[in-house]
Amino acid sequence: MRRAAVAVAAGAMAASLAACGTAKEAGEKPKATGAATGEAIKIGLLLPENQTARYEKFDKPLIEKKVAELTGGKGQVVYANAKQDATTQNSQVDTMITNKVNVLIVDAVDSKAIAGSVKKAKDAGIPVVAYDRLAEGPIDAYTSFDNEEVGKVQGKALLEALGDKAKDGQIVMMNGSVTDPNAKLFKSGAHSVLDGKVNIGKEYDTVEWKPENANTNMAAALSALGKDKVIGVYSANDGMAGGIITALKAAGVSPLPPVTGQDAELAGVQRIVAGEQFMSVYKPYAPEAEAAAKMAVALAKGEKVAGVTTSTVDSPTTKGVPAVLIPVVSLTKNNIKDSVIKDGVYTADEICTDKYAAACAALGLK
């Protein structure tokens, strides 16, 4: 039921994408020959890890559903998850080439390390759609969110939470992994909002985005700065926010300072309900998955993607990549009902377990 609701929401949101793009009109490049007319389309889907709930819970099933819809049930999605290992993902690309997929959708573990494999696929006549992270190499199309805007949204929310006390202490910045090009954009967006308006006491690039690494970094920051001096934490995603909040509690910090997040993971939403996490960034996965599926099916058929894309982006290796960039939502306790519940990502019952029942009632979620 929830997946169906998310897919329905995608239709309405996708219709507004053209109005959101500000980049130049998408260009076109010659495309490799895709599946012959009448053949079943075989799409390789490579996702980066399974620690973040979104990939298995949303991205994979949503892409599979849209491919089936676009191909009349004839399209096959061949799936593999790299579990945060770039070498494994490169091997998975080799396997997809051997299996003669018609097109690849790749969410890179490491945007630079994947470049050689992208070229291998292209040399084999297999177009590549970069999904969520802008992979290097000769990619044919790209879909993600406006990742610098994500960082700006997070930074603005943190400033809102701090109010006129923004310089009364120090904040800690917990950025994502340096191997993820999105992390660099989140970081840049956040700095563009926060610099000069807060005192940044400590800043970390968190290895592999792991919550346990964020927890260790936060404990070190509290030790170095003093637990009473930290007035806010910029966390680039919800998983790390969980590790950060655990470290704050372990150090006896009370009340908890505002902590940002991203991905609207269920645990993150519940922490927002409970008042432990200030906000998350809700990224509507359905229109992103739908765009990837549409581009992949078009490329597999040897068609152009101009009818799908709304802008272009430049990677360090490829200029003018046709792209779809999805807008994001700042998720706080004030709009949970009108965002993740309304869009069918979670039901009120899923969020409002016994532990959160009283907090949910206070917010009018139940």
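The model is a predicted one. Helix 11 covers residues 285–300, and 15 of its 16 residues are buried.

- Glu288 and Arg54 meet through their side chains in a salt bridge, with an N to O distance of 3.0 Å.
- Because Glu288 belongs to helix 11 and Arg54 to helix 3 (residues 54–70), this pair ties together parts that are 234 residues apart in sequence.
- Glu288 has a relative accessible area of 0% and is therefore buried; Arg54, with a relative accessible area of 2%, is buried as well.
- A network of salt bridges links Arg54 and Glu288 with Asp59 and Asp132.
- Glu290 forms a salt bridge with Lys66, and the closest N and O atoms of the two are 3.7 Å apart.
- This pair links distant parts of the chain, since Glu290 is in helix 11 and Lys66 in helix 3, 224 residues apart.
- Glu290 and Lys66 are both buried.

**Salt bridges elsewhere**

- In total, the structure holds 18 salt bridges.
- Side chains of opposite charge can pair when their charged atoms come close.
- One of the salt bridges joins Asp205 to Lys187, with the closest N and O atoms 3.2 Å apart.
- Asp205 lies in strand 7 (residues 200–205) and Lys187 in helix 7 (residues 181–194), so the pair connects parts that are 18 residues apart in sequence.
- Asp205 is partly exposed, at a relative accessible area of 37%, and Lys187 is partly exposed at 25%.

- Val103 is located in strand 3, which comprises residues 103–106.
- The relative accessibility of Val103 is 0%, so this residue counts as buried.
- The C-alpha atoms of Val103 and Val128 are separated by 6.0 Å, although the two residues are 25 residues apart along the chain.
- Apart from neighbours within four places in sequence, Val103 is in contact with Lys42, Ile43 and Gly44, with Ile126 and Pro127, and with Ala296, Leu299 and Ala300.

**Helix 9**

- Helix 9 (residues 238–250) has 13 residues and reaches 18 Å from its first C-alpha to its last, close to the 18 Å expected at 1.5 Å a residue.
- At the N-terminal end, helix 9 is capped by Asn237, which has a side-chain oxygen 3.4 Å from the backbone nitrogen of Gly239.
- Ten of the 13 residues of helix 9 are buried, and the helix is thus mostly covered.
- The buried residues of helix 9 include Asp238, Gly239, Met240, Ala241, Gly242 and Gly243, and also Ile244, Ile245, Ala247 and Leu248.
- Among the elements against which these buried residues pack are three strands: strand 6 (170–175), strand 8 (230–235) and strand 9 (280–282).
- The buried residues of helix 9 also pack against helix 8 (211–225) and helix 10 (266–274).
- Just after helix 9, Gly252 takes a positive phi of about 80°.

Technical notes. Residues numbered from 1 in each chain as written. Predicted model: local features only at pLDDT ≥ 70, side-chain atom pairs only at ≥ 80, totals over all residues. Heavy atoms only, no water. Salt bridge = Lys/Arg side-chain N within 4 Å of Asp/Glu carboxyl O. Helix = DSSP H or I, 4+ residues; strand = E, 2+ residues; numbered from the N terminus. Buried < 20%, exposed > 50% of the residue type's maximum accessible area, 1.4 Å probe, protein only. Contact = heavy atoms within 4.5 Å. Expected span 1.5 Å × (residues − 1). Polar contact = N/O pair within 3.5 Å; in protein donor to acceptor, adjacent residues only side chain to side chain.
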